[in-house]
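Subject: Handing over a structure

Dear colleague,

I am passing on the structure below, together with notes on what was found in it. Please read them with the model open beside you.

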Amino acid sequence: TQSSNYPNLYRWRGREKDHTLTSGIDDYPRAPRPNPEEAHVDLSCWMVFASESMAKIAEVLNLGEEPKIWNSERDSISESIQKKFWNPALSSFQDLSGRPTQDDFDVVIDPQTGVEKKFLVIFPQSGFVEHFGYINLFPLLMRILDPNSPQLKSTLDLIENSDQLWSNAGLRSMSKSDPSFGTGENYWRGPIWININYLVLSALYNRYIKVEGPYKQQAERIYQNLRKNVMTTILREHQRTGFFWEQYNPITGQ
């Protein structure tokens with residue numbers, strides 16, 4: 001039900017202009033308008049995880065050819081993710097923005113005159129949703145990237161860049177250099193979410209620092225420093241407030 005117009009890629013259905021509630025990453029910026037030609041990195045990566053899980057279940061239950069079928073599905077989706085979502089101009093995985101079949105407009109009413117003004121909704125010429133944040137990390141989170149892949153190196157660089165996602169309290173949900181950082185509801189536009197930080201740590205520990213490759217040392221360095229930062233934040237704020245929190249301020253760490 002969530003398939004896109006691209007083979008082996010997926011898009012979140014039922015989303016609104018400013019919210020993709022089905023994704024769980026509610027207000028993270030997507031394409032300017034929902035449209036049939038968009039596709040989403042995170043959902044496609046979750047489908048890799050789902051396919052791999054189904055293969056494991058089928059193997060345990062001894063369901064004949066089922067594990068092979070699901071593993072083939074996993075491999076096809078993984079390949080499409082690495083080819084279609086990669087923006088070479090920005091060396092990052094990004095959603096495909098698509099574009100509507102006809103021009104779309106935002107309507108704003110002038111509060112003084114009551115006159116309606118229309119503004120054309122502009123879609124990026126590149127075809128990518130050019131934001132930096134958690135979405136760019138999903139191929140790493142789901143352990144899709146090969147340890148020898150240059151795409152892994154670019155993703156690790158994004159994680160480790162203090163002008164982008166890195167902070168002393170954990171990884172920000174959006175780059176502090178991104179125009180959308182801290183805007184709107186500011187729910188997934190900057191705050192440090194523990195669930196995503198955990199997935200980063202888990203992927204680094206269980207795959208990228210255990211397998212030989214050119215980026216193993218960088219992955220291990222990131223793992224050690226990020227683990228320290230996240231644990232320090234959680235323990236410090238628990239001592240201060242008496243609670244464990246799902247997210248923390250990207251500036252103060254509180």
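Asparagine 186 sits in the loop that runs between α4 and β5, and in this model, which is a predicted one, that residue has a positive phi of about 55° although it is not a glycine. Most residues other than glycine have a negative phi. With a relative accessible area of 28%, asparagine 186 is partly exposed, because the band for that class lies between 20% and 50%.

Serine 91 belongs to the loop between β1 (86-87) and β2 (92-93), and its relative accessibility of 37% makes it partly exposed.

The loop between α4 (150-160) and β5 (192-193) also holds glutamine 164. Is glutamine 164 buried or exposed? Its relative accessibility is 17%, and therefore it counts as buried, the limit for that class being under 20%. If its neighbours within four places in sequence are left aside, glutamine 164 is in contact with Phe132, Leu158, Arg172, Met174, Ser175 and Lys176.

Turning to the fold as a whole, the protein has 6 helices and 6 strands, and from the N terminus on these elements follow the order α-α-β-β-β-β-α-α-β-α-α-β. The radius of gyration is 20 Å, close to the 18 Å that the globule rule gives for 254 residues, so the protein is as compact as a globular protein of that length. Taken along the principal axes, the box that the C-alpha atoms fill is roughly 65 × 50 × 35 Å.

Of the 254 residues, 46% count as buried, while the accessible surface of the protein comes to about 13400 Å², with 52% of it belonging to carbon and sulfur atoms. Among the contacts with a separation of 6 or more, 63% are made by residues 24 or more positions apart.

The remaining notes concern empty space. Rolling a probe the size of a water molecule over the atoms shows where empty space is left. The largest pocket found in this way has a volume of about 360 Å³, and of the 16 residues that line it, Phe49, Glu52, Met142, Arg143 and Ile144 lie nearest its centre. Which helices each supply at least two residues of that lining? They are α1 (41-60), α2 (66-84) and α5 (194-208), and the largest share, 5 residues, comes from α1. Sorted by class, the lining of the largest pocket is made up of 7 nonpolar, 4 polar and 5 charged residues.

The residues lining the largest cavity are Tyr28, Pro29, Phe93, Gln94, Asp95, Val129, His131, Ile135 and Asn136, which by class are 5 nonpolar, 3 polar and 1 charged.

With best regards

How values were computed:
Residues numbered from 1 in each chain as written. Predicted model: local features only at pLDDT ≥ 70, side-chain atom pairs only at ≥ 80, totals over all residues. Heavy atoms only, no water. Helix = DSSP H or I, 4+ residues; strand = E, 2+ residues; numbered from the N terminus. Buried < 20%, exposed > 50% of the residue type's maximum accessible area, 1.4 Å probe, protein only. Contact = heavy atoms within 4.5 Å. 1 Å grid on protein atoms, 1.4 Å probe; cavity = no way out; pocket = protein on both sides within 12 Å on 5 of 7 lines; lining within 4 Å. Points joined across faces, edges and corners; volume = space filled by probe spheres on them. Nonpolar A, V, L, I, M, F, W, Y, C, P; charged D, E, K, R; others polar. Rg over C-alpha atoms; globule rule 2.2 N^0.38 Å. Areas by Shrake-Rupley, 256 points an atom, 1.4 Å probe, with all protein chains shown as cover.
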